[in-house]
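Subject: Structure for your review

Dear colleague,

Please find the structure below, followed by notes on what turned up in it.

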Amino acid sequence: MSLLEIMKNRRSVRKYTGEAIPEEKMNQILQAALLAPSSRGRRPWEFVLVKDKELLEKLSSCREMGSAFLKDADQAVVVLGDTSLTDVWVEDCSIAMTMMYLMADSLGVGCCWIQGRNRFAKEGVTTESYVKELLEIPEQYALQAIMAFGIPENHPEGYDLEDLCYGKIHRDYF
């Protein structure tokens, strides 16, 4: 399958079968993240792989809305950036997450990005402080997001190239 075919097929998956992801596949997903390009080769990312069901249950409350499905994931990757290494850690972490997304889909593993930065777990408690306390994350690291992974219950239909918003592409001038 070509990379473009993988990109067309890639969709956010929030419903999982409960079946375990083979370790070899999860290792490839994490390797894809480590292969991501980063500004000046700084690689500011850190990844916390969470497989413990009790922790996944607690992480599913990391946002006011949009994270409850995390409790049904087989595992999750918490993506952090070392803010002392670069001011573009957000971009670098986002690229690494995109690489994980594409690798997961190519392997038949479903995933969904749960935004953590600038979000809230509950009144007055940020998602970042909630996750950092729960997982004992050192202060210098900032939360980017959490990626939920699982074997898809069903995979949403992919995209059709004819339906893309080609009007968003400008040539030479806006």
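Strands β1 (45-50) and β2 (75-82) pair in the antiparallel sense over 6 bridges, where strands are DSSP runs of E with at least two residues and helices are runs of H or I with at least four residues, both numbered from the N terminus, and where two strands count as paired if DSSP finds at least two bridges between them. Within this pairing, Glu 46 has Leu 80 of β2 as its bridge partner.

Before going further, please note that this is a predicted model, in which local features need pLDDT of at least 70 and side-chain atom pairs count only at pLDDT 80 or more, while totals for chains, interfaces and linings use all residues. Residues are numbered from 1 along each chain as its sequence is written, and side-chain values use heavy atoms, with hydrogens and water left out.

The sheet

The pairing of β1 and β2 belongs to an open sheet of 4 strands, with the order β1-β2-β6-β3 and antiparallel pairing. Its edge strands are β1 and β3, each of which pairs on one side only, and neighbouring strands are turned against each other by 25° on average, with direction ignored (the axes being lines fitted to C-alpha atoms, for helices over the stretch in contact, and angles running from 0 to 180 degrees between N-to-C directions). Strand β2 also pairs with β6 in the antiparallel sense, over 8 bridges, and there Val 79 has Ala 145 in β6 as its bridge partner. On the other pairing of β6, with β3, there are 6 antiparallel bridges, and Gly 110 stands opposite Gly 150 in β6.

The core

How many of the residues of β6 are buried? The count is 10 of 10, so β6 is largely enclosed by the rest of the structure; buried here means under 20% relative accessible area, exposed means over 50%, and partly exposed lies in between (1.4 Å probe, protein chains only). The largest nonpolar core has 48 residues, of which Leu 70, Val 78, Met 100, Val 131, Ile 146 and Phe 149 touch the most other members, a nonpolar core being a set of buried Ala, Val, Leu, Ile, Met, Phe, Trp, Tyr and Cys residues joined through side-chain atoms within 4.5 Å. Among the elements that give two or more residues to this core are the helices α2 (23-34) and α4 (89-106), together with the strands β1, β2, β3 and β6.

Salt bridges

A search of the whole structure finds 3 salt bridges, each being a side-chain nitrogen of Lys or Arg within 4 Å of a carboxyl oxygen of Asp or Glu.

- Glu 5 and Lys 8 meet at 3.3 Å, N to O; being 3 residues apart in helix α1 (residues 3-9), they are separated by about one helical turn.
- Lys 58 and Glu 54 meet at 3.4 Å, N to O, and both lie in helix α3, 4 residues apart, about one turn of the helix; Lys 58 is partly exposed at 37%, whereas Glu 54 is exposed at 53%.
- Lys 132 and Glu 139 have their closest N and O atoms 3.9 Å apart; Lys 132 counts as buried at 11% relative accessibility, while Glu 139 counts as exposed at 70%.

With regards
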